[in-house]
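Here is a short report on one protein chain. Look over the sequence and the fold, then read on.

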Amino acid sequence: MYSRYTFDYPYPVAISVNAPVGGMEYPMICWQRPRPEKDGTYSKRTKYGLISVIIHEVGHNWFPMIVNSDERQWMWMDEGLNSFLQFLTEQEWEADYPSRIMPERMGGLLSYLKSPNKMPIMTGADSLQSTGYNAYTKPTLALNILRESVLGREQFDYAFKQYARRWMFKSPTPTDFFRTMEDASGQDLDWFWRGWFYGIEHTDISIENVHHYKMDSRDPYKDKTAKKDKRAAEPDRLFQKLNKPLPKRVDAFPELKDFYNEFDELDVTDKDGASYEKLIKGLSEKEKAMLKSKGQFYVVDLKNLGGLVMPVVLKVTYEDKSTEEIRLPAQIWRRNPESISKMIVADKKITRIEVDPHRETADVDIENNYFPRRMREHTFGISKSKKPSGNNPLRDKQKAEEKARKEAEEKKKKEAEKEENKKPAPKKK
Ligand SMILES: [Zn+2]
């Protein structure tokens, strides 16, 4: 796995020891815990914890044993790159492997990313705080986003391999990594390194508004009727209508009424008709066709609340329930990194738009990703006692089986005794 993304393993052995301490890595040998219980059972946490640590510590043979970055200076260069390859390896172990950066498991990382007390990944190892996030999971997340959502797997994997090969048995610094990834992928990634490695901002893109535009037919008969329908559908908002209507003076003295009491400005007049005829006459065939178009125009206003510049993935749902995905590169923010508007031209009506439907950009607040918004769901409850510690269902199962087996044995024994008693007592000779 690691070799596929880098270079062939050049050492003769890779020994992994299931030790009570660890994980700790050395060239060609490493130590991993946890160990199973003495009875041979183990929890799910132990199982996946151990598999992950073995992948991780053996993986250190590549970074930093061979690609020999200075771990005392830049912790992410070995831990981060190694954790990233560990993630790829875990995902090839089995479907839904519980990796630490899976969307359903990275709540802690997302909370860290949006908290005010954080420092950039590019902080010297001596000063680095929250190393679990800054040296391991955040670089893993960033590189996975670079691979899946920015460069694409083919380009990323080629560039990453170039880095590993160029710098094997050498001592690269962060800029060697950044430069090689840009050089080999042919992409300007300065904005990405700045955001994810030098910056402390997070992803939080919100849909602020969606505007719907339709072509005005300019036909007074159609337009004024539509406006009348709209007016009729409006709720009675005049506050006086809430109370008993007061007698009106014009009812008592009808002579006070004039033309404007009858006139409705939404009635089509002869003048309207004439000016419409004139307008149509002056239009080209193309313009006439445009007037008849059923096109729907939408403008989606997006706000970058988190500050981090990221690609924008929009999932659009139409009134016939069909959906479409629109992927916009991060460059869409280049003129205004705080807010942008994107026009969508459709031939049917849009009912819903969602940002980042696959949760691929580590957006810290997904509730503002929906237009229209959905209700925020919460739960609360009563708790009296703490959960029993130690979650080892494998042992529980074995214990239950053991108990059932003993009970069955007991039953058998009793039945055998019963049978024995039923037998007529041996006759005395
Ligand atoms: Zn490590």
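Is glutamate 407 buried, partly exposed or exposed? Glutamate 407 is partly exposed, with a relative accessible area of 48%. Here buried means under 20% relative accessible area, exposed means over 50%, and partly exposed lies in between (1.4 Å probe, protein chains only). This is a predicted model: local features need pLDDT of at least 70, side-chain atom pairs count only at pLDDT 80 or more, and totals for chains, interfaces and linings use all residues. Residues are numbered from 1 along each chain as its sequence is written, and side-chain values use heavy atoms, with hydrogens and water left out.

Glutamate 407 sits in helix α15, residues 393-422. Helices (H or I, at least four residues) and strands (E, at least two) are DSSP runs, numbered from the N terminus. Patch residues have over 30% relative accessible area and no salt bridge; like charges are joined within 9 Å, and nonpolar side chains (Val, Leu, Ile, Met, Phe, Trp, Tyr) within 5 Å. Areas come from the Shrake-Rupley method with a 1.4 Å probe, and for residues only the protein chains shown count as cover. Lys and Arg count as positive, Asp and Glu as negative; His and the chain ends are not counted. A charge is placed at NZ of Lys, CZ of Arg, CG of Asp or CD of Glu.

Lys44, Arg45, Lys47 and Arg105 form a positive patch on the surface. Lysine 47 belongs to helix α2, residues 44-59. Its relative accessible area is 33%, so lysine 47 is partly exposed.

Another patch is nonpolar. Val13, Ile15, Val17, Val21, Met24, Tyr26 and Trp31 make a surface patch of about 570 Å². Strands β1 (15-18) and β2 (24-26) are the elements that give two or more residues to this nonpolar patch. Tyrosine 26 lies in β2 and is partly exposed, at 42% relative accessible area.

## Salt bridges

Side chains of opposite charge can pair when their charged atoms come close. A salt bridge is a side-chain nitrogen of Lys or Arg within 4 Å of a carboxyl oxygen of Asp or Glu. By this rule the count comes to 21 salt bridges.

Take aspartate 157 and arginine 147. Their closest N and O atoms are 2.8 Å apart, and they form a salt bridge. The pair links distant parts of the chain: aspartate 157 is in helix α7 (residues 153-166) and arginine 147 in helix α6 (residues 131-151), 10 residues apart. Arginine 147 is buried, with a relative accessible area of 5%. A network of salt bridges links Arg147, Glu148, Arg153 and Asp157.

Why are glutamate 401 and lysine 397 separated by about one helical turn? They are 4 residues apart in helix α15, so about one turn separates them. Glutamate 401 is partly exposed, at 44% relative accessibility.

## A buried charge without a salt bridge

Glutamate 182 is in helix α8, residues 174-185. Glutamate 182 is buried yet has no salt bridge. The nearest side chain of opposite charge, arginine 179, is 8.7 Å away. What joins the side chains of glutamate 182 and tryptophan 193? A polar contact of 3.1 Å does. A polar contact is a pair of N or O atoms within 3.5 Å; within protein, one must be able to donate a hydrogen and the other to accept it, and residues adjacent in sequence count only if both atoms are side-chain atoms.

## Backbone exceptions

Most residues other than glycine have a negative phi, and most peptide bonds are trans. Here are some exceptions. The peptide bond from glycine 22 to glycine 23 is cis, with omega near 0°. Glycine 23 lies in the loop between β1 and β2. Phenylalanine 63 and proline 64 are also joined by a cis peptide bond, with omega about 15°.

Phenylalanine 169 is not a glycine, yet its phi is positive, about 60°. Phenylalanine 169 lies in the loop between α7 and α8 and counts as exposed, at 53% relative accessibility. Aspartate 356 has a positive phi near 55°. Aspartate 356 is buried, at 3% relative accessible area.
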